[in-house]
Amino acid sequence: MKLQVAIDVLTTEAALEIAGQVAEYVDIIELGTPLVKSEGLSVVTAIKKAHPDKIVFADLKTMDAGELEADIAFKAGADLVSVLGGADDSTIAGAVKAAKAHNKGIVVDLIGVADKVTRAKESRALGAKFIEFHAGLDEQAKPGYNLDVLLSAGEEARVPFSVAGGVNLSTIGAVQRAGADVAVVGGSIYGADDPALAAKQLRAAII
């Protein structure tokens, strides 16, 4: 199982600092949507230049103009780009077309999608590299939120998938047992007192 760090800071300088601390322990460096909106795709270029051996994920959460937006991100240095599962099939297919042209990949993010299992299968059929079973920060803040809902859906869908939504040292084992291909960790790494140590411990927890 790969380890993905989701960097949700707001400046390129801060993103480069965190990436530099944790790169040796992670496989995928994700640049969060607020970061990309704050800094533009130049942050993707900067991270890829600093860490050319890492998979760089531009979390655009594209909802329309899939081919165009993905193409722009791939040209900026992204290896993976996210499209929302709630988008039209043609949007996902367009983004996949751009990915194939660049020999890169599209991740379909199921945040806000009610029937995650069905949409995961549909998105995979449209050419997504993997599917992200994702609960956003707002959803995680609701009373009673439980990561198990995402894990169960991922197991049932039987597609390559990642899990994002409060993954930490105490839950990463369950993520792996559910069969996830990628564990996405955000605040537990970038918000830690020692991000490098946090990433190292998460890496060590992956069997």
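Helices H1 and H3 cross in the right-handed sense, a crossing being called right-handed if the near helix is turned clockwise from the far one by less than a right angle, and left-handed if anticlockwise. H1 spans residues 12-22 and H3 residues 42-50, and the two pack at an angle of about 25 degrees with their axes 10 Å apart. Axes are lines fitted to C-alpha atoms, for helices over the stretch in contact, and angles run from 0 to 180 degrees between N-to-C directions. H1 and H3 are therefore roughly parallel to each other; angles under 35 degrees count as roughly parallel, over 145 as roughly antiparallel, 65 to 115 as roughly perpendicular and the rest as oblique. On the H1 side the contact (heavy atoms within 4.5 Å) is made by Thr12, Ala15, Leu16 and Ala19, and on the H3 side by Val43, Ala46, Ile47 and Ala50. Seven of these residues are nonpolar, one is polar and none is charged. In this classification Ala, Val, Leu, Ile, Met, Phe, Trp, Tyr, Cys and Pro count as nonpolar, Asp, Glu, Lys and Arg as charged, and the others, Gly among them, as polar.

The model is predicted: local features need pLDDT of at least 70 and side-chain atom pairs count only at pLDDT 80 or more, whereas totals for chains, interfaces and linings use all residues. Residues are numbered from 1 along each chain as its sequence is written, and side-chain values use heavy atoms, with hydrogens and water left out.

Gly66, Glu67, Ala70, Asp71, Phe74 and Lys75 of H4 meet Thr91, Gly94, Ala95, Lys97, Ala98, Ala99 and His102 of H5. The contact of H4 with H5 comprises five nonpolar, four polar and four charged residues. H5 (residues 89-102) also lies across strands S3 (55-62), S4 (80-84) and S5, running at about 155 degrees to S5. Helices (H or I, at least four residues) and strands (E, at least two) are DSSP runs, numbered from the N terminus.

The strands form a closed barrel of eight, in the order S1-S2-S3-S4-S5-S6-S7-S8, with parallel pairing. Neighbouring strands of this sheet are turned by 25 degrees against each other on average, direction ignored. Two strands pair if DSSP finds at least two bridges between them. S4 and S5 pair in the parallel sense over five bridges, with valine 81 opposite isoleucine 106 in S5. Three bridges join S5 (residues 105-109) to the parallel strand S6 (residues 130-134), and aspartate 109 has glutamate 132 of S6 as its bridge partner.

S5 is mostly covered, five of its five residues being buried (under 20% relative accessible area; exposed is over 50% and partly exposed in between, with a 1.4 Å probe and protein chains only). Gly105, Val107 and Asp109 point one way from S5, and Ile106 and Val108 the other way.

Two residues with positive phi are found in loops. Asparagine 103, not a glycine, has a phi of about 60 degrees and is found in the loop between H5 and S5. At 70% relative accessibility, asparagine 103 counts as exposed. Arginine 158 has a positive phi of about 55 degrees and is placed in the loop between helix H8 (148-157) and strand S7 (161-164). Arginine 158 counts as exposed at 77% relative accessibility.
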